[in-house]
Amino acid sequence: MKTVEELDRIRKQAQAMTRLREGKETTRIVVGMGTCGIAAGARETLAAIMEELAKRNIQDVVVTQTGCIGLCEQEPIVDVIKPGATKVTYGKVTKEKARQIVASHIVNGQVVGEWVIASA
Amino acid sequence: MEFYRSHVLVCGGTPCVLEGCKGVRDALIAEVKRRGLDREVKVVETGCLGPCDLGPVIVVYPEGTLYQKVHVSDVPEIVEEHLLKGRVVTRLAGEGVQAGVVKYEEPTYLGVQERIVLRNCGTIDPESIEEYIARDGYRALAKCLTEMKPADVIEAVKKSGLVGRGGAAFPTGLKWSFTARADADQKYILCNADEGEPGTFKDRLILEGDPHSILEGMAIAGYAVGADKGFIYVRGEYVLSIERLGKAIEQAKALGLLGADIFGSGFSFDVEIRKGAGAYVCGEETALIESIEGKRGEPRVKPPYPGTEGLYGKPTVVNNVETIANVPPILLNGADWFRKFGTERCPGTKVFTLTGDINNKGLVEVPMGITLRRVIYEIGGGIPGGRGFKMAQTGGTSGGCLPKELLDVPMDYFTLPEHGSALGSGALLIMDDTHCIVDIAECFMRFFEHESCGKCTPCREGTARLHEIVAKIARGEGKPGDLELLDELGSAMQVSSLCGLGQAAPVPIKTMLRYFRDEFEAHINDRLCPTGTCGT
Ligand SMILES: Cc1cc2nc3c(=O)[nH]c(=O)nc-3n(C[C@H](O)[C@H](O)[C@H](O)COP(=O)(O)O)c2cc1C
Ligand code: SF4
Ligand code: FES
């Protein structure tokens, strides 16, 4: 290696691989994965979110799952939690809606108001 | 680049390997694939996470949930519940876990720990140079080579107050300056990874968990003193360390982080691995040098010291693995940063292998100067069965014994000797009140008799006689005057032995006599072993 810039470039790329383990506060997308959620298609929703993030090369978002929160008829349910902002909960998130949420809420910071079922 | 929502880190340290972590890793990979999660969940093998006694250990990120004693049969449940549905499997998350979530980053186990040396152990894949680089790897080397002069590097290490972690506590910056000043056409950096001390496995787990930190530290040392060649002398049994170091060297060479003209600075550095010859004394720096030269591993007469006349007669720096692992963070963050940890006289941290009668056995890194009480009761989770503390042995056989009286003494390289004890290399063996001191002493002295290389008389004869006398006392055949004889013989060995082996062999006996004399006396005068261990 001949320059420090080369090292910096590798580091930036590689940090994307380990960021998940740093425990730093970042945007979190939480998908409801109770039996009800899975039955309603939450697996596909989650896959769509992952795909969309990968396509856009978004590395600093953490995607996790949670159990049933008792709003089974609203499943698949997706929470978006940005650092310093209130939690936004979306209901009946299909694959298509999921992609849209990534595009507008995650990328552009625009909450997709019509699908929101709770915000606290 | 692929994007994963979850990383499952499987500890691949030797203690966990022995518990079957490879099978767990393979089962995880297979199950994740079977569930169709293989594009979302990445399984990574990592270095020691610390709680080795609870292995195999895995951590699931981003939650940081630590699962212990994971068996292949637990894998489907972890995948289904945690990775698919996001529910922590409380059953495997360990005892005393509240609300079912253990954050690996902040369990009580790691409560008072500071991670400098182990900064990457259990967090990165040790076989990936990219993951090391992601955590600021090789940045310190870049900084040294492009922004600092060799003298500045030495000055920074001096200012940090770093002292050798191999046992002798020699100031590292000062050691480097001797070699830097020496005029020679060739100089060497040796990493001492022989780790022959019974009960110590910290160097092994550092090498397994973060091999690149050693290569980077050695290259920095090379630049500071003007050496272009390094050897790592690794204990022969450390198969995994040798394998991972080998891979790391290849990767670093491929990226040009070892080799010629690193960062276009004109500085070149290469590292080779040498397997240890198997004797305890080969960890002594001059015996180690003899061994690398292909000779029988026996200590040389000092002076001259290796710093000016070492490997092949050339100026040579010998440093312990843990010492070297401290070097990159010191250079990257500065001496003042390092001095924030530990004590004024002894800055930084110390890595211990916590073993014996203690609830949480494993690898811990604590600020220098922490008290034994805190290590045992806060980090170690206390003594099993609520039994009483009798003593701790620091630094393996060559270290000292810490009795109850020293539970609240700051543990560092300078304070313990003031109490007739020593910090040593890194073992911390805890013994409860069921153990007999004479029995332990007999075991230690047997070790030294066996390991004495026989080159010099005080140690060759002395270790045999020490063992003989202690063994007699244990058998109930001790005579009045034996304890005085042990003391006298020990003092003679300390001043007249050629190397540290013979000089340190009497240390455990002397501390035991100082703090547990009544137990020796009971064996001699009353033919009684107070704990009922010895056949008196
Ligand atoms: C008998 C004996 C065994 C030793 N074994 C080791 C060892 O296994 N590892 C080690 O780092 N130092 C060992 N040492 C200490 C080394 O001689 C030397 O002091 C040390 O490697 C220097 O490194 P440091 O300044 O970084 O501590 C041993 C010393 C003696 C006398
Ligand atoms: S002190 Fe012991 S180990 Fe060291 S040279 Fe003498 S005989 Fe050998
Ligand atoms: S080797 Fe696995 S926790 Fe130490």
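Leaving out residues up to four places away in sequence, Ser421(B) touches Gly400(B), Cys401(B), Leu402(B), Leu406(B), Leu416(B) and Thr511(B), where contact means heavy atoms within 4.5 Å. This is a predicted model, in which local features need pLDDT of at least 70 and side-chain atom pairs count only at pLDDT 80 or more, while totals for chains, interfaces and linings use all residues. Residues are numbered from 1 along each chain as its sequence is written, chains are lettered from A and ligands numbered from 1 in the order in which they are written, and side-chain values use heavy atoms, with hydrogens and water left out.

- Ser421(B) is placed in the loop between α15 (415–418) and β13 (427–432) of chain B; helices (H or I, at least four residues) and strands (E, at least two) are DSSP runs, numbered from the N terminus.
- Ser421(B) is buried, with a relative accessible area of 5%; buried means under 20% relative accessible area, exposed over 50%, and partly exposed in between (1.4 Å probe, protein chains only).
- A polar atom of the Ser421(B) side chain lies 3.3 Å from the backbone oxygen of Cys401(B).
- A polar contact is a pair of N or O atoms within 3.5 Å; within protein, one must be able to donate a hydrogen and the other to accept it, and residues adjacent in sequence count only if both atoms are side-chain atoms.

**Nonpolar cores**

- In soluble globular proteins, nonpolar side chains tend to be buried together.
- The largest nonpolar core has 69 residues, and those with the most contacts inside it are Tyr138(B), Trp176(B), Ile214(B), Ile232(B) and Leu331(B).
- Helix α9 (residues 211–225) of chain B gives the most to this core, with nine residues.
- A nonpolar core is a set of buried Ala, Val, Leu, Ile, Met, Phe, Trp, Tyr and Cys residues joined through side-chain atoms within 4.5 Å.
- Leaving aside neighbours within four places in sequence, Ile232(B) is in contact with Cys191(B), Ala193(B), Ile214(B), Leu215(B), Met218(B), Leu245(B), Val271(B), Glu272(B), Ile273(B) and Arg274(B).
- Another core, of 63 residues, lies apart from the largest one and has among its members Leu416(B), Phe444(B), Leu466(B) and Leu486(B).

**Helix α12 of chain B**

- Helix α12 (residues 321–333) of chain B is mostly covered, as eleven of its 13 residues are buried.
- The buried residues of α12(B) include Val321(B), Glu322(B), Asn326(B), Pro328(B), Pro329(B) and Leu331(B).
- Asn320(B) caps the N-terminal end of α12(B), with a side-chain oxygen 2.8 Å from the backbone nitrogen of Glu322(B).
- Gly334(B) follows α12(B) and has a positive phi, near 95°.

**Salt bridges**

- Over all chains, the whole structure holds 59 salt bridges, each a side-chain nitrogen of Lys or Arg within 4 Å of a carboxyl oxygen of Asp or Glu.
- One of them is formed by the side chains of Arg135(B) and Glu22(A) (3.0 Å, N to O).
- Arg135(B) lies in the loop between α4 (129–134) and α5 (139–147) of chain B and Glu22(A) in the loop between α1 and β1 (27–32) of chain A, so this pair joins two chains.
- Both partners are partly exposed: Arg135(B) has a relative accessible area of 22%, and Glu22(A) has 27%.
- The side chains of Glu290(B) and Arg300(B) also meet in a salt bridge (2.7 Å, N to O).
- Glu290(B) belongs to helix α11 (residues 285–292) of chain B, and Arg300(B) to the loop between α11 and β8 (316–320), ten residues apart.
- Glu290(B) counts as buried, at 15% relative accessibility.
- A further salt bridge joins the side chains of Glu298(B) and Arg296(B) (2.9 Å, N to O), and Arg296(B) counts as exposed at 63% relative accessibility.
- Salt bridges that share partners join Lys22(B), Arg25(B), Asp26(B), Glu45(B), Glu127(B), Glu243(B), Arg244(B) and Lys247(B) into one network.

**Chain A**

- Chain A has four helices and five strands, in the sequence pattern α-β-α-α-β-β-β-α-β.
- Buried residues make up 48% of the 120 residues in chain A.
- The C-alpha atoms of chain A fill a box of roughly 60 × 25 × 25 Å, taken along the principal axes.
- Gln13(A) lies in helix α1 (residues 4–18) of chain A and is partly exposed, with a relative accessible area of 47%.
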